[in-house]
Structure formats: C-alpha cells, structure tokens
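Please consult the sequence and the structure shown here while reading.

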Amino acid sequence: MPDIKKYIRDIPDFPKKGIIFKDITPLLKDPAAFSEVIDIFYQRYKDKNIDYIAGIEARGFIVGSALALKLNKGFIPIRKKGKLPYKTVSADYDLEYGIDTIQMHCDALEKGNRVLLVDDLIATGGTLEAAAKMIGQQNADLVEIALIIELEFLKGKDRLTDFPVFSLIKY
Ligand code: AMP
C-alpha cells in the first residue's frame, strides 16, 4: 500500500499567513495512490447500504464522485451559496469573520436515504457540521463522514459527536 502521507504536500501560508495548506494534488496525480485511497473507502462502505455519496465543494467532488462510481451509487453535490441552479436548502456555518452558507438541491435527498458525506479534509469541522445538519433536515440518515485528512489538533471531530467520522491520515 502506498504511504498516503507521501502524496500530501504542505504549502505554508496559503491561502493566508499561518495556515499550512494540505495539498492533495500530488495524490490525485498518482493513479496508484489515488485508487488506493478510493479503494480503502470502497472496502469500508460497500456493504453499508449507502444510497448516496454527498461531496462538499470542491475537493469533496473529486473524492466523492470517484467513490460514488466505484460503489455504483449516485453523487450529490453540496456547494457554496448561489452555485446550484435549482431550488435549494441551506445551512450556515461560522467563519473567523462572519458566516458562510452551503446548499444542496431541495430534491437531492428523500426521507430515510442513507448518505455518506465526503470531503478531503476536516479542519475546524464547521463545514461538515453544517452539511450534516442540512442532510438531517432532509430527514436522511447520515451513515458516516469520510475524509482523507484530519487535522486532529483543531479538534473538528468534537463538533460532530452525533456521527462517526473516518479519516485515513491524521496530523
Ligand atoms: P473546516 O470547516 O474548518 O473543517 O474546513 C474544511 C474545509 O476547508 C475543507 O473543505 C478543506 O478542504 C478546507 N481546508 C481547511 N483547512 C485546510 C488546510 N489546512 N489544508 C487544506 N484544506 C483546508
């Protein structure tokens, strides 16, 4: 198995000073490493009766849609406010200064759908908390949250105590 950490590049001070950005593009560029990541998720979720994979813009789209195809399940995009063309439902989350909003189409999920929520990384957990709330408001069941990277020192998981969170690598 490839050492996944080897394919994650640290970019200091991006997008602003003090942040070490975890760049997954070297991982995506390497077919063996990328498919290993998708396969680990596939093995974990193939027998969990998942109905849909929901992915968060933008890197959650890459990981989530690759996994959705392999699981032979549909993909649901969760996007920043104003990007989706049809009627939407929304959830807000706090930023350092102000709030941001994510949305999904109002008909994306039905009551009882079993959803796997996917993103590349959990930092503070605010985005995933909002996404989980929105999925819950549609009366769907959030089965698990799957991530490549967890920044443990930010304790994002503490905001997501109602759902299992699975990450492949931790910093
Ligand atoms: P948060 O809501 O704080 O958990 O932030 C999660 C979102 O921001 C994810 O979609 C990540 O892709 C992105 N993000 C936050 N911090 C980083 C980081 N240090 N490196 C790469 N992406 C990050």
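The model is predicted: local features require pLDDT of at least 70, side-chain atom pairs count only at pLDDT 80 or more, and totals for chains, interfaces and linings use all residues. Residues are numbered from 1 along each chain as its sequence is written, and side-chain values use heavy atoms, with hydrogens and water left out.

**Salt bridges**

A salt bridge is a side-chain nitrogen of Lys or Arg within 4 Å of a carboxyl oxygen of Asp or Glu. The structure holds 11 salt bridges. Some of the pairs are listed below.

| Pair | Closest N to O distance |
|---|---|
| Arg9 and Asp23 | 2.7 Å |
| Glu57 and Arg79 | 3.1 Å |

Helices (H or I, at least four residues) and strands (E, at least two) are DSSP runs, numbered from the N terminus. Arg9 forms a salt bridge with Asp23; this pair links distant parts of the chain, with Arg9 in strand β1 (residues 9-12) and Asp23 in strand β2 (residues 20-23), 14 residues apart. Because Asp10 lies in strand β1 and Lys22 in strand β2, their pair ties together parts that are 12 residues apart in sequence.

Burial is expressed as relative accessible area: buried means under 20%, exposed over 50%, and partly exposed in between (1.4 Å probe, protein chains only). Arg9 is partly exposed at 42%, whereas Asp23 is buried at 9%. Asp10 is partly exposed at 42%, and Lys22 is buried at 8%.

Glu57 forms a salt bridge with Arg79. Glu57 lies in the loop between β3 (52-56) and α3 (59-71) and Arg79 in strand β4 (residues 74-80), so this pair ties together parts that are 22 residues apart in sequence. Arg79 is partly exposed, with a relative accessible area of 23%. Elsewhere, a network of salt bridges links Glu150, Lys157 and Lys170.

**Asp119**

Asp119 belongs to strand β7 (residues 114-122). Asp119 is buried yet has no salt bridge, and the nearest side chain of opposite charge, that of Arg59, is 5.7 Å away. For such charges, Lys and Arg count as positive and Asp and Glu as negative; His and the chain ends are not counted. A polar atom of the Asp119 side chain lies 3.4 Å from the backbone nitrogen of Gly60. Leaving aside residues up to four places away in sequence, Asp119 touches Ile56, Arg59, Gly60, Leu128, Ala146, Leu147 and Ile148, where contact means heavy atoms within 4.5 Å.

How values were computed. Polar contact = N/O pair within 3.5 Å; in protein donor to acceptor, adjacent residues only side chain to side chain.
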